[in-house]
Amino acid sequence: MLDQWLFVGLFAIIALLLPGVAIYLAGVLGPKKPNEAKRTIYECGIETVGETKLQFRAQYYVYALVFLIFDVEAVFLFPWAVAYGQLGLYAVLEGLLFALILAGGLVYAWKKGALEWK
Amino acid sequence: MPNFWQDPIGFIAAWLHSVLTGWGLPTEVVDFLLALLGAGVIALGAMLFVIFLIWYERKLIGRIQDRLGPNRVGPYGIFQPFADMLKIFTKEYITPEGADLVPYNLAPILAVAAVLLIWAVIPFAHNIVGVDLPVGLLFVIAAGGFGELAIMLAGWGSNNKYALLGGFRAVAMLISYEVPMIFTMLVPAMMANSLNLNDIVRAQTVPFLLTAPLAAIIFFITQVAEAARSPFDVVEADSELVAGFMTEYAGLKFGMFYVAEFLHAFTISMLFSVLFLAGWRGPGAEQFPLLGVLYLFIKTFVVYFIVILLRGSLPRFRIDQTLDLSWKVLTPLSLVAVFLNALVLKALVEAGLGGDSLGAQLLRAVILLAANVGVIWLSGQLMGQATLRERPVVSGPRPLAVSRPVVEQQE
């Protein structure tokens, strides 16, 4: 058990190191001649107008909230799916009921206009 | 000890283990060294494989668009990616003024690492797997989340309006597609009664593509969206956002995003093959694990070909269409897919068809296939009735911070 997570840990370190080392090496190999014009923000080729850190639209929040609801639902459904083979018809129907309640939530959000890109 | 000719990789692993313990090293250290070696080989192999993937995709896209594709450097242009790599390694890094350096530099590394991490749990054959994690499926979902984080960091760190808009879109789109993705992942878990990817492969006497085609199709679409590939590449839409979140990157930092994109496209094909096309299963794969690797790669390349074909033939969705597709079509349909399979399968088991014999399995597969095809046909009919919503035309000046361009409607 611990061996497996040791492997995952090692793999994560290697997965971070490979691109990291490559980027570092390329930085050593590449030329370094910065100047004022180069350092300006490229954006779309024209000089930047105004503030670059934009305020974002509240609509993104609404999507994030709906996502959160369904993500948590999925976490609850995974144990149900793993135990599916041992479950009786009653427990399967109960899972369906659980999903239907949340589907009701989706219908509510839909009717409220939370899923419209305004 | 496995026979070398049957299972060379298992043989080498067992041989290394015996040699290292023979030197008097404690077992823990040997296990650690072998884990390090295995992780290094898989990660490095995946990174080097990208060189081939880039050539393959450019060549194919070229043929789809009636061009030749790379054809100058080496036979069929196969050395083109090496030349590109040499060039990109000697390019200067240009860091834009006012960039937030920590997220800016972390993003390309995280983007690659997030995709590479998935390779840790992919079963290439029944005994060739980085780590046979009991919660492999959850691990895949978790690792995928880092990729989204990388795009957000890149968008925020670049000090560029367009990059930031790409980051915003990534937040909205990638999390939206994660919902149907997770729901459809429930189907293989449910039918195999396990979250372990190897168990899921073993459970597919009949590939899940045939027993749960609805879930398979939804999973495929969401995976293409998760990789932010055309037709869902609103994150980097080059005609709207310059290059989206990677606009301000130069040299190999840009190259790493490029690598991550190609590797991600291949990884999702591999994941699809494992979850729905029976992964390494095929004749003789149990005796000869390398044959299993071959089967997996053949299946993966077929799926990858379809992914490239989609990129070459479909126009980009608008951001609101992308989100509508996820929330109003795929999310309800994925719930239907999960419970359709759950209820039909349970009903069949209750009716006494739950046996493990090949005949019972085939019969269940046929009934599940029929039920799925019926639902796919029905949802197609329902979608055909829905009309495309006209976008309201907004006139007058708009503030800069709006993520969609003002479109003048032409009569």
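This is a predicted model: local features need pLDDT of at least 70, side-chain atom pairs count only at pLDDT 80 or more; totals for chains, interfaces and linings use all residues.
**Figure 1. A salt-bridge network in chain B.**
Salt bridges with shared partners join B:Glu57, B:Arg229, B:Glu261 and B:Arg311 into one network. Side chains of opposite charge can pair when their charged atoms come close. Across all chains, a search of the whole structure finds 7 salt bridges.

**Figure 2. The pair B:Arg229 and B:Glu57.**
The two side chains meet in a salt bridge, 2.2 Å from N to O. B:Arg229 sits in the loop between α9 (213-226) and α10 of chain B, while B:Glu57 belongs to helix α2 of chain B. B:Arg229 has a relative accessible area of 1% and is buried. B:Glu57 is also buried, at 0%.

**Figure 3. The pair B:Arg311 and B:Glu57.**
A salt bridge joins B:Arg311 to B:Glu57, with the closest N and O atoms 2.6 Å apart. B:Arg311 is in helix α11 of chain B and B:Glu57 is in helix α2 of chain B, so the pair ties together parts 254 residues apart in sequence. B:Arg311 is partly exposed, at 33% relative accessibility. B:Glu57, in contrast, is buried, with a relative accessible area of 0%.

**Figure 4. B:Glu261 and its surroundings.**
B:Glu261 forms a salt bridge with B:Arg229, and their closest N and O atoms lie 3.8 Å apart. The pair links helix α10 of chain B, which holds B:Glu261, to the loop between α9 and α10, which holds B:Arg229. Leaving out residues up to four places away in sequence, B:Glu261 touches B:Arg229, B:Glu236 and B:Met246.

**Figure 5. A nonpolar patch on the surface of chain B.**
The patch consists of B:Ile64, B:Phe288, B:Leu291, B:Leu294, B:Ile298, B:Val302, B:Phe305, B:Ile306 and B:Leu309. Together these residues have about 710 Å² of accessible area. Helix α11 (residues 289-313) of chain B gives the largest share, 7 residues. B:Val302 is found in this helix. B:Val302 is partly exposed, with a relative accessible area of 48%.

**Figure 6. The contact between chain B and chain A.**
Chain B contributes 92 residues to the contact and chain A contributes 76. The size of an interface is often given as the accessible area lost when the parts come together. Here, the buried area is about 7,400 Å², and carbon and sulfur atoms give 75% of that area. B:Lys161, B:Trp327 and B:Lys346 supply 10% of the area that chain B buries against chain A, more than any other three residues. There are 0 salt bridges between the two chains. The count of residue pairs in polar contact is 6, with both residues at pLDDT 80 or more. On the side of chain B that touches chain A, the elements giving two or more residues are α2 (27-64), α4 (101-119), α5 (136-157), α6 (161-192), α10 (251-276) and α12 (319-353).

**Figure 7. B:Phe79 in a loop.**
B:Phe79 lies in the loop between α2 and α3 (80-89) of chain B. B:Phe79 counts as partly exposed, at 42% relative accessibility. Leaving aside neighbours within four places in sequence, B:Phe79 is in contact with B:Val73 and B:Gly74. The C-alpha atoms of B:Phe79 and B:Leu369 are separated by 45 Å, and the two residues are 290 apart along the chain.

Methods
Residues are numbered from 1 along each chain as its sequence is written. Chains are lettered from A and ligands numbered from 1 in the order in which they are written. Side-chain values use heavy atoms; hydrogens and water are left out. Patches are made of residues with over 30% relative accessible area and no salt bridge: like charges are joined within 9 Å, nonpolar side chains (Val, Leu, Ile, Met, Phe, Trp, Tyr) within 5 Å. Accessible areas come from the Shrake-Rupley method with a 1.4 Å probe; for residues, only the protein chains shown count as cover. A salt bridge is a side-chain nitrogen of Lys or Arg within 4 Å of a carboxyl oxygen of Asp or Glu. Helices (H or I, at least four residues) and strands (E, at least two) are DSSP runs, numbered from the N terminus. Buried means under 20% relative accessible area, exposed over 50%, partly exposed in between (1.4 Å probe, protein chains only). Contact means heavy atoms within 4.5 Å. Buried area is the accessible area (1.4 Å probe) that two parts lose on being put together, summed over both. A polar contact is a pair of N or O atoms within 3.5 Å; within protein, one must be able to donate a hydrogen and the other to accept it, and residues adjacent in sequence count only if both atoms are side-chain atoms.
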